[in-house]
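Subject: Structure handover and findings

Hello,

Here is the structure you are taking over. My notes on it follow below.

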Amino acid sequence: MNTTPSTPRNLKVGVSLHVRKGGQSLWENGIFQNCLFLVLLLRELPQVAQVYIVIGGDGSAQEAARLVEDVPAPIMTMQEAAGQLDLMIEMSAQVSREWIVGFRERGGKIVSMRVGNDYVIDIERMIFDRPNALLISRAPYNEVWTLPQYEHICAPYYRSAMRVPVRIMPHIWSPLVLERAMARDEKANAEAPAHFGYRPGRRRWRAGIFEPNICMVKTSEIPMLCCEAAHRMNPQALEHVWVYSTLAKKQHAGFAGFAASLDIVKHGIATFEGRFPFHQMMSTCVDVVVTHQWENAQNYVYYEALYGGYPLIHNSHLIGSCGYRYHDFDCEEGGAALLHAYAEHDANLDAYRASAQAFLRTLAPDYELNLKAYGDAIDALFAVEHSS
């Protein structure tokens, strides 16, 4: 006997989306956008006849439709999905073990697509007695799919804790959501439209730090120290440092003491702000994006900054030669990278943009290698045995 892929055509595929009552923003976290980009990709596959958004949570179909308006897709409930789908991709809304058992009994295939650093999130929540995130439910998934950024730390966790094969899948992104958000803003502010995209020629740069500060994999402290190092080396380089998503943190005594020790705070150039859509802040307040991640090297903020031609100071090994890289937690090197960008970005802007666009193309939902990876994964799920 040998096994060869024989994927049936006309598959009905669902992607789960957690929708809460009262509405939510597409910009709250990356997973909502990831759902939309996955829908775009699945629509391109010859195996797939229709892609559905399957809603979990207490939100309504109308609220779900507003959340996915940039990539409209038919919406169904979990109950409808149980009887109609061939493949369910659990993504934003986790599916119950009972649902999965019943779905598989009628021949459906189910994949859990993990796009967050679940190991760190789960351990933090266990240690600090916070509400659960990923639930290890012993549900019989066919596979877990995750991203290259989690191959080192999360893939073994999924494989052992969930007792299921793990497949590494490409990270995908499209400027579609960003462009439509900007178009809506432009329409709403027609008298004074904002301009997204790097503009050369400023004597001093305004730095933006956009880490969410929800989990230790993406926090503001190292970017603040990168800006601090740059400011100490060249006090004329930075006009302002906007530290977003820190309104709650600045009330914490430890963070307040850390911030107060920095020259960028003592000299009045750093301020601590709420969380806002990235493109709006970049259009009005920011020239350079300073970032840090730990085991989370693929981020939409990076892609959006590169798309706009903005200098990106980062420590990611998964975005090719784009941006200005420092390594690991080396904030002194990060400060030097920031000053290197400050000195050379304007002169090399055309080459920077060309390099960024070439890299971003490899993330597209219709990029050939991405389509092949997801198509091959679906083929493997539906492989059937044939006599040799």
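A residue is called buried when its relative accessible area is under 20%. By that cut-off Asp70 is buried, because its relative accessible area is 4%. Asp70 sits in the loop between helix 2 (61–67) and strand 4. Please keep in mind that this is a predicted model.

Seven strands make up an open sheet, ordered 4-3-2-5-6-7-8, with parallel pairing. Strand 4 (75–77) and strand 8 (166–168) are its edges; each has a single partner strand, so one side of each has no neighbour in the sheet. From one strand to the next, the twist averages 30 degrees.

Within this sheet, strand 2 (residues 11–18) and strand 5 (residues 87–90) run parallel and are joined by 3 bridges. Val13 stands opposite Leu87 of strand 5.

Helix 15 (residues 368–381) lies across strand 2, strand 5, strand 6 (109–114), strand 7 (143–146) and strand 8. Its direction is at about 175 degrees to that of strand 7. Helix 15 also packs with helix 1 (residues 30–43), at an angle of about 80 degrees and with the axes 10 Å apart. The two helices are therefore roughly perpendicular to each other. Leu38, Leu41 and Leu42 of helix 1 make this contact with Asn370, Leu371, Tyr374 and Ile378 of helix 15.

Beyond the neighbours within four places in sequence, Glu90 is in contact with Ser16, Val95, Val111, Ser112, Met113, Arg114 and Tyr141.

Ser92 belongs to the loop between strand 5 and helix 4 (97–105). With a relative accessible area of 17%, Ser92 is buried. A polar atom of the Ser92 side chain lies 2.9 Å from the backbone nitrogen of His18. Not counting residues up to four places away in sequence, Ser92 touches Ser16, Leu17, His18, Ile31, Phe32 and Cys35.

Helix 5

In helix 5 (residues 118–127), the buried residues are Asp118, Val120, Asp122 and Glu124. These pack against strand 6 and helix 6 (155–161). Just after helix 5 comes Asp129, which has a positive phi of about 55 degrees.

Strand 14 pairs in the parallel sense with strand 13 (residues 312–314) over 2 bridges. His314 has Arg325 of strand 14 as its bridge partner.

How many residues of strand 9 (residues 205–209) are buried? The count is 5 of 5. Both faces of the strand are covered: Trp205, Ala207 and Ile209 are buried on one side, and Arg206 and Gly208 on the other.

Strand 9 pairs in the parallel sense with strand 10 (residues 238–243) over 5 bridges. In strand 10, Trp242 is the residue opposite Gly208. Between these two strands the chain passes through helix 8 (residues 221–233), and this β-α-β crossover is right-handed. Strand 9 also runs parallel to strand 12 (residues 288–290), to which 2 bridges join it. There, Gly208 has Val289 as its bridge partner.

Regards

How values were computed. Residues are numbered from 1 along each chain as its sequence is written. This is a predicted model: local features need pLDDT of at least 70, side-chain atom pairs count only at pLDDT 80 or more; totals for chains, interfaces and linings use all residues. Side-chain values use heavy atoms; hydrogens and water are left out. Buried means under 20% relative accessible area, exposed over 50%, partly exposed in between (1.4 Å probe, protein chains only). Helices (H or I, at least four residues) and strands (E, at least two) are DSSP runs, numbered from the N terminus. Two strands pair if DSSP finds at least two bridges between them. A crossover is right-handed if, with the strands pointing away from the viewer, the path from the first strand over the helix to the second runs clockwise. Axes are lines fitted to C-alpha atoms, for helices over the stretch in contact, and angles run from 0 to 180 degrees between N-to-C directions. Contact means heavy atoms within 4.5 Å. Angles under 35 degrees count as roughly parallel, over 145 as roughly antiparallel, 65 to 115 as roughly perpendicular and the rest as oblique. A polar contact is a pair of N or O atoms within 3.5 Å; within protein, one must be able to donate a hydrogen and the other to accept it, and residues adjacent in sequence count only if both atoms are side-chain atoms.
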